[in-house]
Amino acid sequence: MQFLYFLESIRNPVLDGFFSVITYLGDEIAFLVLAIIIYWCVSKSSGLYIMLAGLGGTLFNQLLKLSFRIPRPWVKDPSFTIVESAREAATGYSFPSGHTQQVTTTMGGIARFSKKLWVRIVTIVLLALTALSRMYLGVHTPADVLVSLAIGAVLVFALYPLFKKSEEKPALLYIAYGVFALLSLLYVFYVNLKVWPADIDPHNLRSGIKQGWTLLGCSLGILFSLWIEHRYVNFQPKTAFLRQLPKVIIGLALTLAIKEGTKPLLKLIFGDVLFTTAIRYFLVCVFAAAIWPMSFRWFNAGCPLSAKAKKRIKKALIIILIVILVIAILGGFLFWRVTRRTNAEPVSTEGCSNPLITPLGVTMLSGHRAGGGIAPENTMAALKNCVESDAYELDIFEFDLRMTADGELILLHDSTLDRTSNAAEHFGHEDVYPGDYTLAQLKELNMGDKFSADSGESPYAGLRGEEIPDELRIITIEETLDYLEAQGEYRYIIEIKNSGETGYAAVDKLYSLLVEYGALERVVVGTFNNEVTEYMDATYPDLPRSAGFNEAIEFYLCSFFGLKKDSFPYVALQIPTTDYVVNLGTSRVINYAHEHNIAVQYWTINEADEIAYLQSVGADAIMTDVPDLGARILNQP
């Protein structure tokens, strides 16, 4: 730590900025980009050499991190400070340094295969500066960095002869990546099946498991690509610089688009499961190593076109322009139709049997996240603030539920506790997921730490330990119902945030509690997870629920085209107005819902004009962060 204190003493804005930039050379993106460019433009075997050295280093790095579980310097010594810009990327255990290991295999590998002295000098200097940056920024100790340098150097020198021979014996490439694929598979089994000690940080363990799936996907993707490239492509990497430029720019853009674009798609299909990382990186590697190289002969030849081809392209461009113009006109008209406010008169709700549907001109007031705009959201302080207020009276309490590691349902909106509490500071890392910790551990947090009042002050910031009042600690659904049910028969809008099996368990527990408290008929349960919606219908058909995400889309299309349906399987639409471009806050939507005995409840409405408008067109409930404002606009007695 003495060396780190020395570096801390010489910090200044110029050096902070320099090392904050240079450290990105050890980032995953920099590694991928350099390895791919070398593979495409310099030498296929050299690119594969850099890639395997980097992947192998990552495997050893993750094994050591999970085995030694050494915390970051500022966690070991709270008096030590880091350069704040580096905190976001400094996740996981400290030993050894992942950035240093990555830059060692990348820059060290380039220095090893390059025959040009200036290239070797530049890469070694960049390697040294990146390693130094990890210590200067305060995110790693000298031991972290030196061990990573050693791992990277061993891999660089050990693998080089193998890849040198592979230029004459390509089968060696299959053997090398086959062995690594096997090691990656064993690592995945190891980290998933090992019984880890109770003190292991769940965030770090999750990161280690995710890295294992990444390594497996990459190794299998490259193995598959080797066969395709050797059999069907066999491209030549070297050509004139101006011919390399377009293939690199376009190819990298497409590769990174696949890397980032498939993430939300796979999450939508499979949910938030880590094995999708293997699928994503498999696709990235196959595209970069086999599919995109199929275009290189054309690029290397200067992108030649015959006169006939040029004429066809010209005609195609004219057709494309006409099509674009037509689409733009139709799109503009459609955009106007879906974003405008309709002029339809609100219809009377007399005859509607749904108790959530209010008489025309009457709109129920709901505190979004228990009135999170005027008190720390989803806390007992927020609940009491709403119940005890003389300025307004809530009809409905709205809050969100997530499950802890020990199966407790707590009030929390976000997927992590970072935005609202001191969780990142308390646990020593960002992205603190509630499912990784027990209720007792989460009770140690100050849930009002990040709350900001209208005056701009943060009245609860800095409270720690016994200073934190119980009203600012995280609360369970049982604590919430114990308090609210003793105050009166409120209605509830409850959103289940968890997906998959955890979401099912959350539904089970919530249902039994609602029955126990006699509140089943006064609740509307919602979720953005379609599989949880299906589970509610199949298991608890008497549980009143709101429309799921896909159902809300279907409902809007039915209302837009005026389609008639016998019934819908939900009692309420809980929707925004214009959050998704389409204007859902219209009399047409509300009238159509009421015709089908469905209540319409809007979130999150914090502007006076919008609250007044929605009441005028027949909205049944308004969820707002500022219920004091909502009460004034809705003319509460």
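How many residues of the lining of the second largest pocket are nonpolar, how many are polar and how many are charged?

A: The lining of the second largest pocket divides into 18 nonpolar, six polar and five charged residues. Here Ala, Val, Leu, Ile, Met, Phe, Trp, Tyr, Cys and Pro count as nonpolar, Asp, Glu, Lys and Arg as charged, and the others, Gly among them, as polar. The model is a predicted one, in which local features need pLDDT of at least 70 and side-chain atom pairs count only at pLDDT 80 or more, while totals for chains, interfaces and linings use all residues. Residues are numbered from 1 along each chain as its sequence is written, and side-chain values use heavy atoms, with hydrogens and water left out.

On a 1 Å grid over the protein atoms alone, a cavity is a set of points where a 1.4 Å probe fits but cannot get out, whereas a pocket is an open set with protein on both sides within 12 Å along at least five of seven lines; a lining residue has an atom within 4 Å of a point. Grid points are joined across faces, edges and corners, and a volume is the space filled by probe spheres set on the points.

The second largest pocket has a volume of about 800 Å³. Its lining consists of 29 residues, and those nearest the centre of the pocket are Ile38, Cys41, Val42, Phe113 and Ser114. Two or more lining residues come from each of helix 3 (28-41), helix 4 (44-68), helix 6 (98-113), helix 7 (117-136), helix 8 (142-166) and helix 11 (241-270). Helix 7 provides the largest share, five residues. Helices (H or I, at least four residues) and strands (E, at least two) are DSSP runs, numbered from the N terminus.

One detail concerns the loop between helix 5 (73-76) and helix 6, where Pro96 is placed. The peptide bond from Phe95 to Pro96 is cis, and its omega is near -10 degrees. In general, most peptide bonds are trans.

The structure holds two cavities of 30 Å³ or more. The largest cavity has a volume of about 130 Å³. It is lined by 13 residues, of which Ile36, Met51, Ile222, Ala288 and Ala289 lie nearest the centre. At least two lining residues come from each of helix 3, helix 4 and helix 12 (276-291), and helix 3 gives the largest share, five residues. By class, the lining of the largest cavity has twelve nonpolar residues, one polar residue and no charged residue.

The second largest cavity holds about 50 Å³ of space. Its lining is formed by Trp74, Arg87, Ala90, Thr91, Ala424, Gly428, His429 and Glu430. These residues divide into three nonpolar, three polar and two charged. Charged residues are therefore present in the lining of the second largest cavity, whereas the lining of the largest cavity has none.
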